[in-house]
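Please read the points below with the sequence and the model side by side.

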Amino acid sequence: MAVTLQDTIDKQQHGALGHVLASQTFWVFLAAVLAFAYLSFATPSFDTPQNLFNVARNCAFVGIIGLGMTAVIITGGIDLSVGAVLCLAGMVAGMMMSWNYPIWIAVPCALAAALVCGFVNGFLIAHVGMPPFVVTLAMMSFARSVAMVLSGNQMVYQFGVDHAEMVAIGGGSTRGWFNAMAAGVGPDSSLGGLFVWLGQNVFVPNPAVFLVIFALIFGFTFRWTRWGRHIFAIGGNEHAATLTGVPVKRIKVSVYMLSALMAGIAGILQVGWLGTITTGMGTGMELVVIAAVVIGGANLAGGGGTAFGAVVGAVLIEMIRNSLTLLGINPFWQGVFVGSFIITAVAFDRIRASRNPGS
């Protein structure tokens, strides 16, 4: 998150520790740590390597999209089309590969389709002045319908000549990377022996690796780049941002394209993980993503949000979903827990705003 005048004042008045304790993201992170500790004792199957692998992989899809959604929400917008764009991008990549196009052609085409959806959203919102809710709701219907047309509403299980590569991208882990490096340098060498050991003991799902990389990029971009400062300025006061020379329309188009791009990347990874494509991919994903971003500290009114918060929110939601199953609780209660966290997060933000009227 960009450093604002209010942040500087808070640090001067309350110190660095007080600033951290006033952060919603910190408390959500603490809640995730406590939940992890409790679940590790409450059920022996929670902290098993395979279950943690599944949790990391599942939360990665939400987190990747959440990073793009954070940029949109910081500007004061919303994107309800991410689930459908995920489906469309996955469908374009999967169908093209099923028609024997190589992966290096299918994936860029899928990402291009996602970017087109994002550009249309951004153009109608920024240049035509249509409400983000209406535009992205319409795109949600449009993108999913196009995905259905592409597939003929059929499931596809084979991805042509590069089927193994597609499955490895979304369903593989760092174990495959280390094993490949060991084979490349020779497993009998000292370096090869290290890669062999890493391959046997370190296995992080590929989607989680992508999430970490993107989170670092977004975190740097939000805090240290001109584009990052501009999106916070737009969310804080769009009229003032315009008067100070911020290219508001161009920035708005860029955040919706970025949101769609991240949804497209998540869609390709999910197709690789599932090993199939269906028109039901991404259904309801937009609500889970928005919940994760809001729980992580983003302000739906604009002007607030962090990359780390989006990741922590995604982790907490996935831990809730996973634990309900392990504890034998009816999974239909999932919405109650997530909804309660959203209300608590928004209430926390309102209380904080009432104590700092100038923020």
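The numbered points that follow begin with the basis of the model and then take up each topic in turn.

1. This is a predicted model, in which local features need pLDDT of at least 70 and side-chain atom pairs count only at pLDDT 80 or more, whereas totals for chains, interfaces and linings use all residues. Residues are numbered from 1 along each chain as its sequence is written, and side-chain values use heavy atoms, with hydrogens and water left out.

2. The second largest pocket has a volume of about 390 Å³. A pocket here is an open set of points on a 1 Å grid over the protein atoms alone, where a 1.4 Å probe fits and protein lies on both sides within 12 Å along at least five of seven lines; lining residues have an atom within 4 Å of a point. The volume is the space filled by probe spheres set on the points, which are joined across faces, edges and corners. Of the 21 residues in the lining, N58, W273, M285, E318 and R321 are the closest to the centre of this pocket.

3. Which elements give two or more residues to the lining of the second largest pocket? They are α3 (49–74), α13 (248–274), α14 (285–295) and α15 (307–326), where helices are DSSP runs (H or I, at least four residues) numbered from the N terminus. The most comes from α15, which gives 5 residues to this lining. By class, the lining of the second largest pocket holds 8 nonpolar, 11 polar and 2 charged residues, with Ala, Val, Leu, Ile, Met, Phe, Trp, Tyr, Cys and Pro counted as nonpolar, Asp, Glu, Lys and Arg as charged, and the others, Gly among them, as polar.

4. A search of the whole structure finds 2 salt bridges, each defined as a side-chain nitrogen of Lys or Arg within 4 Å of a carboxyl oxygen of Asp or Glu. One of them joins E318 and R321, whose closest N and O atoms are 4.0 Å apart. These two residues are separated by about one helical turn, because they stand 3 residues apart in helix α15. E318 counts as buried at 7% relative accessibility, while R321 counts as partly exposed at 30%; buried means under 20% relative accessible area, exposed over 50%, and partly exposed in between (1.4 Å probe, protein chains only). Both E318 and R321 are also among the residues closest to the centre of the second largest pocket.

5. In another salt bridge, the side chains of K252 and E238 meet at 3.0 Å, N to O. This pair links distant parts of the chain, with K252 in helix α13 and E238 in helix α12 (residues 238–243), 14 residues apart. K252 is buried, with a relative accessible area of 14%, whereas E238 is partly exposed at 34%.

6. The structure holds 10 aromatic pairs, in which rings of Phe, Tyr and Trp (its six-membered ring) have centres within 6.5 Å; planes under 30 degrees apart count as stacked, over 60 as edge-to-face and the rest as tilted. One of these pairs is formed by F26 and W27, which are edge-to-face at 5.1 Å centre to centre, with 75° between the planes. F26 is partly exposed at 28% relative accessibility, and W27 is partly exposed too, at 37%. Elsewhere, ring pairs link F218, F222, W227 and F232 into a cluster.

7. R175 lies over the face of F203, at 4.6 Å from the ring centre. The criterion asks for NZ of Lys or CZ of Arg within 6 Å of the ring centre and within 35 degrees of the ring normal.

8. Several loop positions deserve a look in the model. N100, in the loop between α4 (82–98) and α5 (103–126), has phi near 70°, a positive value in a residue other than glycine. G245 is found in the loop between α12 and α13 and is exposed, with a relative accessible area of 58%. T278 sits in the loop between α13 and α14 and is partly exposed at 21%; its C-alpha atom is separated by 9.7 Å from that of G94, 184 residues away along the chain.

9. I74 is found in helix α3 and is buried, with a relative accessible area of 0%. I74 and L261 are 187 residues apart in sequence and 17 Å apart in space, C-alpha to C-alpha.
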